Amino acid sequence: MAANKLSCTLAIGALLCLGFAALIQATDKPVTDVCLGCICEAISGCNQTRYCGGGVCGLFRITWAYWSDGGKLTLGNESPQSEDAYANCVNDPYCAANTIQNYMTKFGQDCNGDGAVDCYDYAAIHKLGGYGCTGELAYNYQNTLGTCLTSFQSVDVRISG
Ligand SMILES: *[C@@H]1O[C@H](CO)[C@@H](O)[C@H](O)[C@H]1NC(C)=O
């Protein structure tokens with residue numbers, strides 16, 4: 001039962017991130033759609049209900065500083081100076097995903113020293129920041145991420161990105 005529930009959640013995550021892939025086509029996108037979906041899954045269960053709490057907002061649980069480093073993207077024509085610009089952006093799956101791509105373009109690095117910059121590194125950077133990504137990750141976060149990446153390996157050969 002628990003396994004069924006997980007694979008269902010993962011399937012929804014996959015659809016979500018494949019949606020990302022279709023809509024977000026640009027050059028500076030180091031993070032694959034599968035990786036985005038799995039980070040989302042690991043950090044919030046990919047819960048798209050509008051959320052702000054404990055210094056983070058949105059389905060990717062992004063801080064203000066992260067959003068700022070990610071280029072202060074906004075929805076529509078909203079000014080980055082607007083009081084709600086941050087919360088509105090990071091609660092939107094596409095604005096949040098683009099923020100992550102910008103952040104990783106800036107801070108992408110081999111955090112775990114395995115010779116590759118891949119989703120495990122991006123997930124560590126996402127959670128611990130660009131300057132602390134060699135630190136410890138919570139077991140649940142790492143475990144959900146790993147399970148998700150493993151189960152989607154077959155649908156995206158660019159998994160190593
Ligand atoms: C999604 O997040 C909202 C707001 O934080 C919460 O009330 C709701 O229970 C969550 N849904 C699931 C399925 O976890």
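## Basis

The model is predicted: local features require pLDDT of at least 70 and side-chain atom pairs count only at pLDDT 80 or more, while totals for chains, interfaces and linings use all residues. Residue numbers start from 1 along each chain as its sequence is written.

## Overall fold

The protein chain contains seven helices and two strands, taken as DSSP runs numbered from the N terminus (helices H or I, at least four residues; strands E, at least two). Their order from the N terminus is α-α-β-β-α-α-α-α-α.

The protein chain has 161 residues, of which 39% count as buried (20 or more other C-beta atoms within 10 Å of the residue's own, with C-beta atoms placed from the backbone). Of the contacts between residues at least 6 apart in sequence, 57% join residues at least 24 apart; a contact requires C-beta atoms, placed from the backbone, within 7 Å.

## Helices H2 and H6

The axes of H2 (residues 33-44) and H6 (residues 119-128) come within 10 Å and cross at roughly 45 degrees.

Cys35, Cys38, Ile39 and Ala42 of H2 make the contact with Cys119, Tyr122, Ala123 and His126 of H6. By class, this contact has seven nonpolar residues, one polar and no charged (nonpolar: Ala, Val, Leu, Ile, Met, Phe, Trp, Tyr, Cys and Pro; charged: Asp, Glu, Lys and Arg; polar: the others, Gly among them).

## Ligand surroundings

Gly45, Asn47, Thr49 and Tyr51 are the residues around the ligand, each with its C-beta atom, placed from the backbone, within 6 Å of the molecule. This shell divides into one nonpolar, three polar and no charged residues.

Conventions:
Axes are lines fitted to C-alpha atoms, for helices over the stretch in contact, and angles run from 0 to 180 degrees between N-to-C directions. Two residues are in contact if their C-beta atoms, placed from the backbone, lie within 7 Å. A residue is buried if 20 or more other C-beta atoms lie within 10 Å of its own, exposed if 12 or fewer, and partly exposed in between; C-beta atoms are placed from the backbone.
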